[in-house]
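Here are my notes on this one, point by point. Have the model open while you read.

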Amino acid sequence: MIEDKELKEYRDLLHPPEEFRDGFGWKSVIGAIFIGFLMMPGSMYLGLVIGTGIGPAARWVTIILFAEVAKRAYTRLNQQEIFVLYYMAGAAMASPFSGLLWHQYLVQSEAARILGLTQHIPSWVAPQPGSESLIQRTFFHRDWLVPILLMVGFELIQAVDHFGLGYALYRLTSDVERLPFPMAPVGALGNMALAESTEKKETGWKWRLFSIGGMVGLCFGAIYVLLPAASGVILNEPVRLLPIPWIELTPVTEDFLPAVATGIQLDLGLLFIGMVLPFWAVMGGAVGFLITLAANPILYRHGILQRWHKGMGTVDTVFANNFDFYMSFGIGIGLAIALIGIVQVFRGLKSDAVAPFRQRLRKLFEPPSGRGDFSIWIAIAIYVGSTLAYVLLCSILVPGFPWIFLVAYGFIYTPFISYVSARMEGITGQFVSLPMVREASFIAASKFFGYHGIGIWYAPIPFHNYGKATVRWREIELTGTSFRSIIKAEILVFPVVMIASLLFSQYIWRLAPIPSSQYPYAQELWHLQALNTLLLQSATLEGYSPFFEALKGHYVLWGLGLGAVVYWILSLLHWPILLIYGIVRGLGQSTPHGIFLEIIGALLGRYYFSKKYGLAWRQYAPVLLAGFSCGMGLMGMLAMGFTLIMRSLGSLAY
């Protein structure tokens, strides 16, 4: 493994504390209710309007409010209590019933009708078009009973599964192998800033920077979120000083940049994200975008990007390019990155001395005292039990799908890729996944085992990658929070999330159809997402599928070869390895309009702020981003509350 200077800076940001405390108490109970019934609806609303919820912001808003109330009650929140609130807010922002809002759109979508898949979507996913529940826009109908019960069951299994294989791999990679997890401190520093603010002396740098970021977020959010929302309720058309989701430039540049999706996204949060992300990862994204900028016109003139034509906007351009080239090419690039990660992991294992590793292995069964660990055997039992539950449920819902695939997903692929990804997260802070494995196995079941249908695409298969979970456990450790308090928090937050998510999904859906002009991001992007999703699903039906026309093996090999060659060249030149991950992101052919502000943020961070503040800037940037997210979240909550109240009043009969 090549030592990367930038990663080493991230590794040294924080070290584990010597003492761990339980952060769960009556404040957590009140916090869970507050998060579920006040924060979650705001996050759902913003996700439909501007494409990003207030997941991070909800955490900061909750903590600040509770910290201020605690002060006036002559008490304070310690760091562990703050982290439990932070953790619960993150769990609540998942908003599981938002998935049902997507399903109601999917079953009625033009994409499903064009591809002839509407009637193939199972009734346990969403009612078929014509159902009274879809006409009346309500989840409180018998046609939604089975989808809702199944979703609650899936969520319950996932909540328990948090303490299974992900925890076991954390113990192995962090306690036994002593990997540094360079990106985990980034997630813990904002929490520590708010803990600092609850002390008697509020003069620490973390709180000052958080306040600066918060004020910037408030000012920008007032223009970007609050003004369009408030004016849209009062006027026929909302007033948008800054276009949402972006300024569309594709029709302007189509003459000299054919088949290139161009535009600018003016979300200031991207500037702060560019400051936080590793510099070379952002630069790699810029390189990837420049490659597509030069390559797409060439590919178009040679007839490879044949579906693009003048007049297309960003959404249609991206879908056409993906269909013709980038889906296959991206699979090859992803395979190259995954294989490189696997090779690195096994090289690292081979270089470990056998005897020292055996000595360290004892720590798997002897965790640090006071951290709140539970037996590793319990974690393994949870993993086995949840996997078997997935296999059983999937076999019942999709009876024609071969069960041997489900067993292979849960007990072969999942532990393998999770361990590889956990080690890569622990060493480089990068997530590893093998692209299209799930999709390829579905297609193989269709071609060789006689399965035909699209139900398996919606079923709860035991196909997981727990690499990210190891980082979450490391964040908990760095804040000195007892693991037992996290278990209590999960038990508390689950019923609150289920009830609140159902109620507010219903409420937002009744206010206006989703998508519609009231929810501009969903109206702009959901069609593209539906086309990409249903294109894949058509591959497991009998007869012709456009997916096989889009999948081209030689383009996959191009991507695989290019990814391997670029990585080899970077290694020889000793350039930052993060550069190649950024290039892959830039070649991903998702909407590239946010890369410009990210680049500006990265350049400001490296060539101005880093020179002015030195290595301390690595700690400053995440706190600024946390504050900005908080300010944006406050404006989002205000906009959402104003909109819901005014529309509710407008629907009353007088």
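**Notes on the model**

1. Let's start with the cysteines. Cys219 has a relative accessibility of 48%, so it counts as partly exposed (buried is under 20% relative accessible area, exposed is over 50%, partly exposed is in between, with a 1.4 Å probe and protein chains only). Cys394, on the other hand, is buried at 0%. The disulfide count comes to 0, where a disulfide is a pair of cysteine sulfur atoms within 2.5 Å.

2. A word on what we're looking at. This is a predicted model, in which local features need pLDDT of at least 70 and side-chain atom pairs count only at pLDDT 80 or more, while totals for chains, interfaces and linings use all residues. Residues are numbered from 1 along each chain as its sequence is written, and side-chain values use heavy atoms, with hydrogens and water left out.

3. Now the overall picture. The chain has 27 helices and 2 strands; these are DSSP runs numbered from the N terminus, with helices being H or I of at least four residues and strands E of at least two. Of its 654 residues, 58% count as buried. Among contacts (heavy atoms within 4.5 Å) with a separation of 6 or more, 81% are between residues 24 or more positions apart.

4. Phe37 sits in helix α2 (residues 26–49) and is partly exposed, at 31% relative accessible area. Leaving out residues up to four places away in sequence, Phe37 touches Val496, Ile499, Ala500, Leu503 and Phe504. Take Ile499: it is 462 residues from Phe37 in sequence, yet their C-alpha atoms are 9.0 Å apart.

5. Next, have a look at α18 (residues 403–427) against α20 (residues 467–478): their axes come within 7 Å and cross at roughly 45°. That makes α18 oblique to α20 (under 35 degrees is roughly parallel, over 145 roughly antiparallel, 65 to 115 roughly perpendicular, and the rest oblique). Axes here are lines fitted to C-alpha atoms, for helices over the stretch in contact, and angles run from 0 to 180 degrees between N-to-C directions. The crossing is right-handed, meaning the near helix is turned clockwise from the far one by less than a right angle, with anticlockwise being left-handed. On the α18 side are Ser418, Ser421, Ala422 and Glu425, which meet Gly467, Lys468, Thr470 and Val471 of α20. By class, this contact has 2 nonpolar, 4 polar and 2 charged residues (Ala, Val, Leu, Ile, Met, Phe, Trp, Tyr, Cys and Pro are nonpolar, Asp, Glu, Lys and Arg charged, and the others, Gly among them, polar).

6. Then there's α9 (residues 165–176) with α17 (residues 376–397), packed at about 140° with axes 8 Å apart. The α9 and α17 crossing is left-handed. Leu165, Tyr167, Ala168 and Arg171 in α9 meet Ile376, Ala379 and Tyr383 in α17. The residues of that contact divide into 6 nonpolar, no polar and 1 charged.

7. Finally, some backbone spots to check. Most residues other than glycine have a negative phi, and most peptide bonds are trans. Arg137, in the loop between α7 (132–135) and α8 (145–161), has a positive phi of about 55° and is partly exposed at 21%. Ala259 also has a positive phi, about 65°; Ala259 lies in the loop between α12 (250–253) and β2 (263–264) and is buried at 0%. Ile514 and Pro515 are joined by a cis peptide bond, omega about 0°, and Pro515 is in the loop between α21 (483–511) and α22 (520–537).
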